[in-house]
Amino acid sequence: MQLKFDWLIVLENLRRGIMVTDTNLEAPSGPRIIYVNQAWLRMTGYGREELAGKTPRMLQGKHTDRAVLTLLKKKLLRREVFHGQTWNYRKNGEPFLMNWYCYAIYGERPKPIYYIAEQEDVTEIESLRMKQRLLADPQDQEALQFFAVLRKL
Ligand SMILES: Cc1cc2nc3c(=O)[nH]c(=O)nc-3n(C[C@H](O)[C@H](O)[C@H](O)COP(=O)(O)O)c2cc1C
């Protein structure tokens, strides 16, 4: 098996968004964004040059659920893997539903050296699912709330 190959080209061409940060979780300056791949830039509409010194909080907004973020922090501090969905916002202000995993990357020592997130925009697939739910029950509150965020009802 060949271990010496161009990892950056692989990361840049993954279909999922990848974000790597430092391990300082304290607001307002941490966690700082260290790297994002091209899928992440396409998903959010930002350019790489706009991310210097920024934290992933730049994606948060009115409908971002604080409880999910509290859970994320708790999981990372307990060295567990976080998986969740949250409303985030593209550069143009458009909301999208982010499905993401977040966890620590370890080097040779037991202390984390980076945090990484694997992220995917699931707005379209969730819209289809929520439409089905509304067909079955036009009063489905979760589905109504979903489209209220997208302002599509
Ligand atoms: C690697 C990594 C990626 C993150 N990506 C996002 C993201 O895409 N969207 C988001 O809302 N928060 C994201 N966060 C969470 C925020 O950076 C922050 O940790 C969260 O808001 C909890 O901290 P706070 O309670 O101080 O705001 C990410 C955190 C890490 C460590």
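Let's start at P31, which sits in the loop between β1 and β2. The peptide bond leading from G30 into P31 is cis, with omega near -5°. P28 is in the loop between β1 and β2 (33–36) too, and the bond from A27 to P28 is again cis, with omega near 0°. What makes these spots worth a look? Most peptide bonds are trans, and most residues other than glycine have a negative phi.

Before going further, a word on what you're looking at: this is a predicted model, where local features need pLDDT of at least 70 and side-chain atom pairs count only at pLDDT 80 or more, while totals for chains, interfaces and linings use all residues. Residue numbers start from 1 along each chain as its sequence is written.

Now step back to the whole chain. It has 5 helices and 5 strands; these are DSSP runs numbered from the N terminus, with helices being H or I over at least four residues and strands being E over at least two. Walking from the N terminus, you pass them in the order α-β-β-α-α-β-β-β-α-α. The C-alpha trace spans about 55 × 35 × 30 Å along its principal axes.

Next, the ligand. It is surrounded by 22 residues, and the closest are A27, P56, L69, Y115 and A117; a residue is near the ligand if its C-beta atom, placed from the backbone, lies within 6 Å of it. Two or more shell residues come from each of β1 (17–21), α3 (66–77), β3 (82–89), β4 (95–106) and β5 (112–121). Which element gives the largest share? That's β5, with 4 residues. Sorted by class, the shell has 13 nonpolar, 7 polar and 2 charged residues. Here Ala, Val, Leu, Ile, Met, Phe, Trp, Tyr, Cys and Pro count as nonpolar, Asp, Glu, Lys and Arg as charged, and the others, Gly among them, as polar.

Follow the chain on to helix α4 (residues 123–136) and helix α5 (residues 141–150), which pack at an angle of about 135° with axes 9 Å apart. The axes are lines fitted to C-alpha atoms over the stretch in contact, and angles run from 0 to 180 degrees between N-to-C directions. The two helices are therefore oblique to each other, since angles under 35 degrees count as roughly parallel, over 145 as roughly antiparallel, 65 to 115 as roughly perpendicular and the rest as oblique. Where they touch, E126, M130, R133 and L134 in α4 meet A143, F146 and F147 in α5. That contact has 5 nonpolar, no polar and 2 charged residues. Two residues are in contact if their C-beta atoms, placed from the backbone, lie within 7 Å.

R79, between α3 and β3, has a positive phi of about 65° although it is not a glycine. R79 is exposed, because 11 other C-beta atoms lie within 10 Å. R15 is in the loop between α1 (7–12) and β1, and R15 is exposed as well, with 7 other C-beta atoms within 10 Å. R15 and Q119 are 104 residues apart along the chain, with their C-alpha atoms separated by 9.6 Å.

Key: A residue is buried if 20 or more other C-beta atoms lie within 10 Å of its own, exposed if 12 or fewer, and partly exposed in between; C-beta atoms are placed from the backbone.
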